[in-house]
Amino acid sequence: MVTWIASPGLASVAAVVSLALTGGHGGDPPLEWGRGPLTVDSLPPVPYAAHRGGAREVPENSMSGLMAAYRRGTAQVLDVDTRVLRDGTPVVFHDATLNRTTFLGGEVRGLDAREWRGVRLRPRDRLPGSWRSERPPTVAEVLDRLGGRIVLMLEVKDPRGLGRLAELIRSRGLTRSVFVNTNDPEVARRIHELGLPAQLWRSARQLRTDRPERWRSYVDLLDVDIRARDADLRRAVRSGIPRVWAHTVVTPAQRDRALALGCNGIITDAPARLARHPVRGPGAVSAALGR
């Protein structure tokens, strides 16, 4: 069941994205990738991943937000969350319900693809710039628009959609261009068995008792909570998993701590903000340079 949510700020939602904010004006992408798709193996030593597209800078769950983050070029990876509609269609959406970020209410899984076309996002008033109210994209639309142009990170909020998600990625030749993310080690194992780069995120509480070395045979990217203790982050770095990235980083100090402890990637809500602040500290500088 879907319900309408009234919003006094609807009239203030602009019809178009403020392109001045993107720094791209709809022009060329920040890098030319050549003929083949960009893959995870092409990432720099310490990449930035724009969490939910960079949720402190652009509207989450939106194509315009993802395109703005892409054109700015301050992140080398775009993170989106995926859920599954009633008819099995994978869509880009973080929450289980529509209430927080749209003008509707009710569960995402209660809609089909036709009904999804009527959903409209409600951009947060405190976001910089002006953003239009738009429909959240399907996963297929994001893959068609951005797949191979930048590395993507797709979190599987509903594991029953994993098979369909893998099919969408494989059919587009993007098996080395998309990290598939989960909080469940067994789902990460299934992702690996499907031939896709497996990402496993863990909370600070989980990291207290985790033994990450147990996952190194099937996890390509361990996504660790920046709020975790130093000892837990160091244990993750020593696990043998090749990529250990910290989430969700919002300040330069958090980034510098993660790098100093050995993390080799940053997942952030504010990639443009971090890009404006140089890395500080000898250990962090060495990590940023890939030494």
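Predicted model: local features only at pLDDT ≥ 70, side-chain atom pairs only at ≥ 80, totals over all residues.
Student: Let's take α4 and α5. Why is α4 called roughly parallel to α5?

Tutor: Start with the angle: the axes of α4 (residues 139-146) and α5 (residues 162-171) cross at roughly 20 degrees, and they come within 10 Å. Angles under 35 degrees count as roughly parallel, so α4 is roughly parallel to α5. As for its hand, the crossing of α4 and α5 is right-handed.

Student: Which residues of α4 and α5 meet?

Tutor: From α4 you get Val-139, Ala-140 and Leu-143, and they meet Leu-165, Leu-168 and Ile-169 from α5.

Student: And how does the contact of α4 with α5 split by class?

Tutor: It has six nonpolar residues, with no polar and no charged ones. Ala, Val, Leu and Ile are among the residues that count as nonpolar.

Student: What makes Lys-157 partly exposed?

Tutor: Its relative accessible area is 26%. Buried means under 20% and exposed means over 50%, with partly exposed in between, so Lys-157 is partly exposed.

Student: Where is Lys-157, and what is it in contact with?

Tutor: Look in the loop between β6 (151-156) and α5. Leaving aside neighbours within four places in sequence, Lys-157 is in contact with Asp-81, Thr-82, Arg-83 and His-94. "In contact" here means heavy atoms within 4.5 Å.

Conventions: Residues numbered from 1 in each chain as written. Heavy atoms only, no water. Axes fitted to C-alpha atoms, helices over the stretch in contact; angles between N-to-C directions. Helix = DSSP H or I, 4+ residues; strand = E, 2+ residues; numbered from the N terminus. Parallel < 35°, antiparallel > 145°, perpendicular 65-115°, else oblique. Left-handed = near helix turned anticlockwise from the far one by under 90°. Buried < 20%, exposed > 50% of the residue type's maximum accessible area, 1.4 Å probe, protein only.
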